[in-house]
Amino acid sequence: MQRWKLTLEYDGTNFAGWQSQSDGKGVQDTVERAIVALEGELRRTHAAGRTDRGVHATGQVIHVDLAKNWEPFRLQEALNAWMRDYGPVAIRAAEAVPDSFHARFSAQARGYMFRMVDRRPPLTLELGRVWRVSQHHDVGAMQEAANHFLGTHDFTTFRDADCQAKSPIKTLSRFELYRVEGVFGPEIQARVQARSFLHRQVRSMMGTLSEVGRGKWSPDDVRDALEARDRKRCGPVAPSDGLYLTDVFYETGPLG
């Protein structure tokens, strides 16, 4: 058996998240069906992170052990050819790796991007891929508030009630927000990086920062909410539409 590291891109709009589902609507189900078609039997895949329902990825990393003697390009092409008619999933890279590599446990950090568009008209072409907010946001105030998240903190306030992590303590090494002139309107993008995240942590933080951007919260309110360690102090949770897993960092750097 040869272990393979695969870098994936997918539109999560119509998927129930990465993880395999009983109804077959997980991204993992689509990938594993393709592997069965190529290998003749099921080979379980392991992902760097379990993205939620509706969350997208440009740099998800998985590993799988395969029996056949594949070349990287042929494996990538064969998987993409099979999945073309079964969902918006693509293998961006395939690499043979040692058995010691594990997509999840070997990862040193993960990076996410969140996209917001502040415009009044409804979305059409970008529907499901970006969070539309209908009023102008102050990005400077949002960044000031986001700076309170940097470093090591107890993120209980921004932790989903169903989170299964053993500890609410996480260390964020990056949280940058900036405005770009997108094709579909003024866009705010956030880049967040940590070794790992709590369930819906990024969406919880972004929903709260939107309150700051609209002038309903101050940056100090975010600091106070964080220090309260109380889920009830969290602002609204942003929708999954705008969230993308973009990078998984290993010792050799990001993949994808």
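A salt bridge, as the term is used in this tour, is a side-chain nitrogen of Lys or Arg within 4 Å of a carboxyl oxygen of Asp or Glu. With that in mind, select E39, E41 and R43, which are linked in a network of salt bridges.

Before going further, note that this is a predicted model, in which local features need pLDDT of at least 70 and side-chain atom pairs count only at pLDDT 80 or more, while totals for chains, interfaces and linings use all residues. Residues are numbered from 1 along each chain as its sequence is written, and side-chain values use heavy atoms, with hydrogens and water left out.

**The start of the chain**

Select M1, which is placed in the segment before strand 1; helices (H or I, at least four residues) and strands (E, at least two) are DSSP runs, numbered from the N terminus. Buried, here and below, means under 20% relative accessible area, exposed means over 50%, and partly exposed lies in between (1.4 Å probe, protein chains only). Leaving out residues up to four places away in sequence, M1 touches R43, D65, L66 and A67, where contact means heavy atoms within 4.5 Å.

**Strand 1 and its partners**

Now select strand 1 (2-10), a mostly covered strand in which seven of the nine residues are buried. Strand 1 pairs with strand 3 in the antiparallel sense over eight bridges, and two strands are said to pair if DSSP finds at least two bridges between them. Within this pairing, T7 has V61 in strand 3 as its bridge partner. Strand 1 also pairs with strand 4, again in the antiparallel sense and over eight bridges.

Which residue of strand 4 stands opposite K5? It is E95, and the side chains of K5 and E95 meet in a salt bridge of 3.3 Å, N to O. This pair links distant parts of the chain, since K5 is in strand 1 and E95 in strand 4, 90 residues apart. K5 counts as buried, at 8% relative accessibility, whereas E95 counts as partly exposed, at 38%.

**Helix 2**

Select residues 72-83, which form helix 2, a helix of 12 residues that reaches 17 Å from its first C-alpha to its last, close to the 16 Å expected at 1.5 Å a residue; the expected span is 1.5 Å times one less than the number of residues. Colour L75, Q76, A78, L79, N80 and M83, which are the buried residues of this helix, and then show what they pack against, namely strand 1, helix 1 (27-39), strand 3 (56-66) and strand 4 (89-97).

W82 also lies in helix 2, but W82 is partly exposed, with a relative accessible area of 23%. Apart from residues up to four places away in sequence, W82 touches T30, R33, A34 and A37; of these, R33 is 49 residues from W82 along the chain, with 8.8 Å between the two C-alpha atoms.

Moving past the helix, select P88 in the loop between helix 2 and strand 4. P88 is partly exposed, at 49% relative accessible area, and, leaving aside neighbours within four places in sequence, is in contact with E9, Y10, D11 and F15.

**Helix 3 and beyond**

Next, select helix 3 (residues 139-146), which is largely enclosed by the rest of the structure, because six of its eight residues are buried. The buried residues of helix 3 are V139, A141, M142, Q143, A145 and A146, and they pack against strand 5 (109-118), strand 8, strand 9, helix 4 and helix 5 (219-228).

In helix 4 (residues 201-213), select E211, which counts as buried at 10% relative accessibility. With neighbours within four places in sequence left aside, E211 is in contact with K216, W217 and P236.

One to display is R115 with E126, whose closest N and O atoms are 2.4 Å apart. R115 lies in strand 5 and E126 in the loop between strand 5 and strand 6 (131-133), so the pair ties together parts that are 11 residues apart in sequence. Both R115 and E126 are buried. Another is formed by the side chains of R223 and D224, which meet at 3.1 Å, N to O; R223 is partly exposed at 30%, and D224 is partly exposed at 32%.

To finish, select V183, in the loop between strand 8 (169-182) and strand 9 (185-194). Together with L125 and F184, V183 makes a nonpolar surface patch of about 330 Å².

Definitions and conventions
Patch = residues over 30% accessible without salt bridge, like charges linked within 9 Å, V, L, I, M, F, W, Y side chains within 5 Å. Areas by Shrake-Rupley, 256 points an atom, 1.4 Å probe, with all protein chains shown as cover.
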